[in-house]
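Here is my note on the model, point by point. Please keep the structure open while reading.

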Amino acid sequence: MAEPRGLRDVPAGARIAVLGAVASAGACVLPVLRPGVPWAAVSLLAGLYALCEWPPRCPVLAGRVSVPIASGSFFPVLLAAAFLLPPAAAALVAVPGALLAYVEEQPRRVRRAWRAAQLALATSAAACAHQLLGGRDALGGRGTAAAPDFPYALLPAGAAALVFCLVLTALDGLILATAERRPARTAWRGLLLRSLAPHCVHGLAGLMMAVLWRSRFGPPAALFVLLPMYISCWVFAQYHRERAAHQATIRALVQAVDIKDRYTRGHSERVGRASEMIARELGMAEGRLEVIRFAGILHDVGKLGVPTRVLRKDGPLTPEERAVIELHPEYGHEMVRGIGFLGEARSAILHHHERLDGSGYPYGLAGGQIPEAARVVAVADAFDAMTSTRSYRRARPVAAAVAELERCAGAQFDPRMVGGLVRALGRYGWHVEVTADEPASTAARGNVPPPRPVRAPAGGPFPAVPPPEAGLRPSKSPGA
């Protein structure tokens, strides 16, 4: 599926949200046409914010300077504008920097327009709140004979930072609900709590900038506040480099499994995606979603410890070979035990072949003894196994795979996880990419029922749920 490149390529709900935000931001900025706007301060603050956002797009500086990766690193400049300027002028300060900011994903122009409108609305609302509480008078400095009115100045500044945070999170949730079609009950979940503390810190830094700006030292003194912001940017950059190293570690492990086990190439990534879909549908905390996805991606990493001749065996497995295959969860757990960032994904790797009725492996856990993440991955693993073409059978249609999961729910699979997958599939659908073991024509058509019954190789009939691991041929028990 091609990436969206323009407004016409995004969902209708997202188009309405973007156009509505842009129109609202335009209405907020329109009063700057009236006389009396402090254009010198507007230009300086707008230029300063744009300069902060520009380095990632500069051909000379990009890659050579530790630039901010996390959005919002320079919000103190916008909040300082909200404290110093009328609402319309403060809103205008956000626009050039937002339009210049680095955007990684398509459609870039639409994302920049959305971001500019979002920041303009949030800054304007923050300025209104600050003005209503008499915040500009509390700053003192030039134009007044009084010094800054502390601690009262903290009240309008805190209110403005809170309003700024509320508007941003409300619009973030709106775009998640319309562009990514997340359910309304989860689109806004956790956004405010994650944003509140950083925005309070931004508000304090913005207040410091505003007080220095209006002091006898003037705007140059306010620039000193940028130093701690650049330090925070460096910290964010280090964090994202560490995340990139985590991703590289996972990719290397998955590629090693894919090279060794040709039957399941692409399977790990799809299980990770399905696991995240289930977890999101169940309303799990945002912080757990990535861990659940890692669990799905790495669930079969233990195959690296299984002899290649067993994994690639064409005929039925002997009891001894099956016993070796069934050791792969323990091998996988040993391999990732020292990788701290995986968290609960490690227990999911160990227990993703346990069954609710206690008949699974490696430890025969039952019911609630099985970690929640493992129950998620078990459903995602079985679903992808059924909907992917293997050497000994064609892919099942999604509807048939779902029906089989529902039949086995309660005995083999957690009904909550099965229900989460069913709802997620109804919302987002399921698109299988071409893999090494799958003909391109099959993948292009999606999951289609085979034209005629396909018999399993010698050694047993089709199981109710085909075995997820490659090389493990169909057995008489479902989902072996």
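**Notes on the model**

1. Helix α3 (residues 75-84) is mostly covered, with 10 of its 10 residues buried. Buried means under 20% relative accessible area, with a 1.4 Å probe and protein chains only. Helices are DSSP runs of H or I, at least four residues long, numbered from the N terminus. The buried residues of α3 are F75, P76, V77, L78, L79, A80, A81, A82, F83 and L84.

2. A word on the basis. This is a predicted model: local features need pLDDT of at least 70, side-chain atom pairs count only at pLDDT 80 or more, and totals for chains, interfaces and linings use all residues. Residues are numbered from 1 along each chain as its sequence is written, and side-chain values use heavy atoms, leaving out hydrogens and water.

3. Confidence next. pLDDT is the predictor's confidence in each residue, from 0 to 100. The chain's mean pLDDT is 81, and 82% of its residues reach 70 or more. Contact means heavy atoms within 4.5 Å.

4. Now D300. D300 sits in the loop between α13 (286-298) and α14 (308-311). D300 counts as buried because its relative accessibility is 1%. Leaving aside neighbours within four places in sequence, D300 is in contact with V257, H267, H328 and H352.

5. Which side chain is joined to that of D300 by a polar contact of 3.2 Å? The partner is H328. A polar contact is a pair of N or O atoms within 3.5 Å; within protein, one must be able to donate a hydrogen and the other to accept it, and residues adjacent in sequence count only if both atoms are side-chain atoms.

Technical notes
Buried means under 20% relative accessible area, exposed over 50%, partly exposed in between (1.4 Å probe, protein chains only). Helices (H or I, at least four residues) and strands (E, at least two) are DSSP runs, numbered from the N terminus.
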